[in-house]
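The questions below go through a two-chain model, one element at a time. Each answer ends on the value or name asked for.

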Amino acid sequence: MSHGETSFTYDVPIPDIINRDDKNKFLKKVGQYLVDSMLDKIADGVSPVTGKPFTKLNKEYAAEEHGGDRTAILDEHGDMLQALTYKIVGDRIWVGIKGDEAIKSFAHNTGFKGHPVLEGKAPKRQFIPEKGESLLKDIMAGIGDITDEYIA
Amino acid sequence: MSISLKIEKKFTKLGTDFIEQSKKKFYAEAAKQLPYVIASTIQKGISPVEGIGRFKQYSPSYVDQIEGRVKFFRKGSKTIAIRPDIETKQGKSIAEHSKITYKNGAIAPGKLIGAHSKLSFKGSLFAKGLGHGKLKSPVNMTVTGVMVGSIQGDVVSNGALISFNSPIAKYHNGQGRVDRHILPKGSETFSSLIMKKLRDLLREAFNN
């Protein structure tokens, strides 16, 4: 995870039975599923990594900007979450944010690590797994269902 | 606009009664729960259709229209969108916004109201406040909530039918300029996120 890219890579277990033509479709489906599932959890104000609710929004800020709703959904103008995407790299799937929005994503995922003012003050709202971490079991279980579609 | 669900897989090792009962259970639960699941996914800004993901954000020029910064005029056979706040060589008042000049015969979205001296005036695009739901993120097809709320599920003969009753719904499924699909059509399928929920319902129906 860096200022220029916040991401994780998933080694997809691809059954031998899936032929070459189907493999790309399968990987695309898994990639889109991972992104959709992450967005789904984030929209509920829940971390797709820890399963815990994100730290609630500041009371005054929520009153001013969100009609009093303190659920943090990381979706102020939508640019950062719009940038969350996947790429197929060989037999692996890269999921993350690159480019202009990566710095915002880095800040949320690390609790503003390295920020001169906000580090240690602004909450960490992690939605991208760090090295050695994974998305929630519930999300990962869905990949098994997608695999079944291709081997049934 | 609608989609119907049917179980097509053959269960040769299971008893016929059990299969029929389980299918019925599944269709009943799908008709009951799927509309809620789809509506909630749409409201989170995610398409329930495979391969689309998060709904596309509105273009900056469309946001300009919503915020009332753009007005439409009819000039001869052309509909011209202008940005009164942008100063051009021609002057502030009739600055043409080239990116959103509509072709002859094209229908500019929004209400046709009023008249303005020499040019016929199309007015601001939205009645005050109405378009502002579209300025919120995520893009979730919810301005008044009528369209998303019009989703319903019915058990039909040997299946479940999920439909949007609002006539606006079809414009998001390919009849508008930007596709923000809210139900699969043709060869499309539900997203894996929705399919996961359907599989859970299927497991419940066949396990109980």
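**Packing and confidence in a predicted model**

Q: How many helices and strands are there in chain A?
A: This is a predicted model. From the N terminus on, the elements of chain A run β-α-α-α-β-β-α-α. The count for chain A is five helices and three strands.

Q: In what order do the three strands of the open sheet of chain A lie?
A: The edge strands are β1 (5–11) and β2 (85–89) of chain A, each of which pairs on one side only. Seven bridges join β1(A) to β3 (residues 92–98) of chain A, and the two run antiparallel. The order is β1-β3-β2.

Q: Which residue of β3(A) stands opposite A:S7?
A: β1(A) and β3(A) run antiparallel and are joined by seven bridges. The residue opposite A:S7 in β3(A) is A:G96.

Q: What angle does the direction of helix α1 of chain A make with that of β2(A)?
A: Helix α1 (residues 20–43) of chain A packs on the sheet and touches β1, β2 and β3 of chain A. Neighbouring strands of that sheet are turned by 25° against each other on average, direction ignored. The angle between the directions of α1(A) and β2(A) is about 150°.

Q: Which helix of chain A lies across β1 and β3 of chain A?
A: The helix runs at about 75° to β1(A) and spans residues 102–110. This helix is α4(A).

Q: Why are α1(A) and α5(A) described as roughly antiparallel?
A: Two packed helices are described by the angle between their axes and the distance between the axes. For α1(A) and α5(A), the axes are 10 Å apart and the angle is about 155°. Angles over 145 degrees count as roughly antiparallel. The pair is therefore roughly antiparallel, the angle being about 155°.

Q: How many nonpolar residues are in the contact of α1(A) with α5(A)?
A: α1(A) passes α5(A) in a right-handed crossing. From α1(A) the contact takes A:D22, A:F26, A:K29, A:V30, A:Y33 and A:S37, and from α5(A) it takes A:I139, A:G142, A:I143, A:I146 and A:Y150. Two of the contact residues are polar and two are charged, and the number that are nonpolar is seven.

Q: Which element gives the most residues to the side of chain A that touches chain B?
A: In the contact between the chains, 18 residues of chain A meet 16 residues of chain B. The elements of chain A that give two or more residues are α1, α3 (79–82) and α5 (137–151). With nine residues, the element that gives the most is α1(A).

Q: How do the residues on the side of chain A that touches chain B divide into nonpolar, polar and charged?
A: This side of chain A has 18 residues in contact with chain B. They divide into six nonpolar, six polar and six charged.

Q: Which residue of β6(B) stands opposite B:D154?
A: Chain B has an open sheet of three strands in the order β1-β6-β5, with antiparallel pairing. Six bridges join β5(B) to β6 (residues 159–164) of chain B. The residue opposite B:D154 is B:L161.

Q: Which strands does α1(B) touch where it packs on the sheet?
A: In this sheet, β1 (2–5) and β5 (151–156) of chain B are the edge strands. The direction of α1(B) makes about 165° with that of β5(B). The strands touched are β1, β5 and β6 of chain B.

Q: At roughly what angle do the axes of α1(B) and α4(B) cross?
A: Helix α1 (residues 16–43) and helix α4 (residues 192–207) of chain B have axes that come within 9 Å. α1(B) passes α4(B) in a right-handed crossing. Among the residues that meet are B:F26 and B:V37 in α1(B), and B:L198 and B:L201 in α4(B). The crossing angle is roughly 150°.

How values were computed:
Residues numbered from 1 in each chain as written. Chains lettered and ligands numbered in written order. Predicted model: local features only at pLDDT ≥ 70, side-chain atom pairs only at ≥ 80, totals over all residues. Axes fitted to C-alpha atoms, helices over the stretch in contact; angles between N-to-C directions. Helix = DSSP H or I, 4+ residues; strand = E, 2+ residues; numbered from the N terminus. Left-handed = near helix turned anticlockwise from the far one by under 90°. Contact = placed C-beta atoms within 7 Å. Pairing = 2+ DSSP bridges. Nonpolar A, V, L, I, M, F, W, Y, C, P; charged D, E, K, R; others polar. Parallel < 35°, antiparallel > 145°, perpendicular 65-115°, else oblique.
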